[in-house]
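Visitor: Could you walk me through this structure? I would like to start with an overview and then look at a few details.

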Amino acid sequence: MAMEHARRLDRIFAALADPTRRAILARLAADEATVNELVKPFRISQPAISRHLKVLERAGLVSRGRDAQRRPCRIRAEPLAEASAWLERYREFWESSFERLDELLEEMKAERKHGKRGKR
Amino acid sequence: MKNTGTLQVATQGDREVVMTRVFDAPRELVFEAFRKPELLKRWFGPRGWSLVVCEVEFRVGGGFRFVLEGPDGRKMGMRGVYREIAPPERSVHMESFDDYPGESQVTAVMKEQDGKTTLTVTVEYPSAEVRDIVLKSGMEHGAAESYDRLSEVLGEIRQAGTTA
């Protein structure tokens with residue numbers, strides 16, 4: 001289970017490592033599109049776009065519509081959320097610590113003010 | 001990065017993690033909070049965790065030893081040695097965790113503007129593998145690749161999503 005999860009994450013990150021695939025995802029985040037609609041703005045061949053889409057599909061980042069003619073591509077949000085959970089964990093540890101530090105700093109500032117006034 | 005209280009975490013290259021955070025206090029105070037054990041005990045570690053061991057010998061070549069204890073009694077220990085100390089702007093230390101292999105170099109830089117301090121911490125791990133192990137501690141993930149571009153990617157995608 002854990003290994004399967006790791007492999008899935010690796011596929012997601014490998015898919016995201018390529019600038020063209022990131023651009024395709026950014027385009028699909030705006031609206032679904034067919035392969036032909038993707039060929040135009042990217043100015044690369046249709047087979048090349050199809051290859052990138054396959055990688056994205058295998059990573060679960062993109063799904064294809066059932067309409068036999070158009071088969072529009074759509075972005076899928078869940079795998080992206082899973083990927084962002086990775087950095088989120090690290091962030092949480094520190095953010096939770098830093099929130100406590102904020103409180104401490106407020107006290108330190110108040111004490112400092114108080115101390116200075118006391119000396120006058 | 002104008003907002004106080006927003007922690008940014010990103011990977012840099014394949015061995016580094018960079019954290020940025022703004023504090024609403026002058027950097028002398030922030031620097032003090034990072035070096036004095038009695039202050040560290042009041043903030044270091046997520047809520048519910050306590051710093052049960054906190055020994056700091058704050059001089060170049062001096063060491064530190066921290067042990068955090070979680071709500072379930074789980075302990076996490078770390079130790080290190082200070083390499084460079086330039087109060088209140090910069091410090092560099094080496095650190096290692098009891099439970100993970102390798103030693104990482106931690107550089108903290110504090111810049112002050114209008115009474116607020118921007119803290120930038122760069123952690124350089126001995127290898128990409130160690131970085132990923134540390135980053136995923138507590139997660140159920142196994143093997144790892146280098147995930148460098150993630151935050152950039154998520155940013156791009158989020159942007160595209162909002163401009164749509």
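Guide: In chain B, 43% of the 164 residues are buried, where buried means under 20% relative accessible area with a 1.4 Å probe and protein chains only. This is a predicted model, in which local features need pLDDT of at least 70, side-chain atom pairs count only at pLDDT 80 or more, and totals for chains, interfaces and linings use all residues. Residues are numbered from 1 along each chain as its sequence is written, chains are lettered from A and ligands numbered from 1 in the order in which they are written, and side-chain values use heavy atoms, with hydrogens and water left out.

Visitor: How many helices and strands are there in chain B?

Guide: Chain B has four helices and eight strands, taken as DSSP runs of H or I with at least four residues for helices and of E with at least two for strands, numbered from the N terminus. Along the sequence their pattern is β-β-α-α-β-β-β-β-β-β-α-α.

Visitor: Switching to aromatics, how many pairs does the structure hold over all chains?

Guide: Over all chains there are eleven aromatic pairs, a pair being rings of Phe, Tyr or Trp (its six-membered ring) with centres within 6.5 Å, and planes under 30 degrees apart count as stacked, over 60 as edge-to-face and the rest as tilted. In the pair Phe64(B) and Phe66(B), the ring centres are 5.1 Å apart and the planes lie at 45°, so this pair is tilted.

Visitor: Are those two buried or exposed?

Guide: Phe64(B) is buried, with a relative accessible area of 5%, and Phe66(B) is buried as well, at 6%. Both belong to one aromatic cluster whose members include Trp94(A), Phe98(A) and Tyr82(B).

Visitor: Now chain A: at what angle do the axes of helix 3 and helix 4 cross?

Guide: The axes of helix 3 and helix 4 (residues 46-58) of chain A cross at roughly 110° and come within 9 Å, the axes being lines fitted to C-alpha atoms over the stretch in contact, with angles from 0 to 180 degrees between N-to-C directions. That makes the two helices of chain A roughly perpendicular, a class that covers 65 to 115 degrees.

Visitor: Which residues meet there?

Guide: Among them, Val35(A), Leu38(A) and Phe42(A) are on the helix 3 side, while Ile49(A) and Leu53(A) are on the helix 4 side, with contact meaning heavy atoms within 4.5 Å.

Methods. Buried < 20%, exposed > 50% of the residue type's maximum accessible area, 1.4 Å probe, protein only. Parallel < 35°, antiparallel > 145°, perpendicular 65-115°, else oblique.
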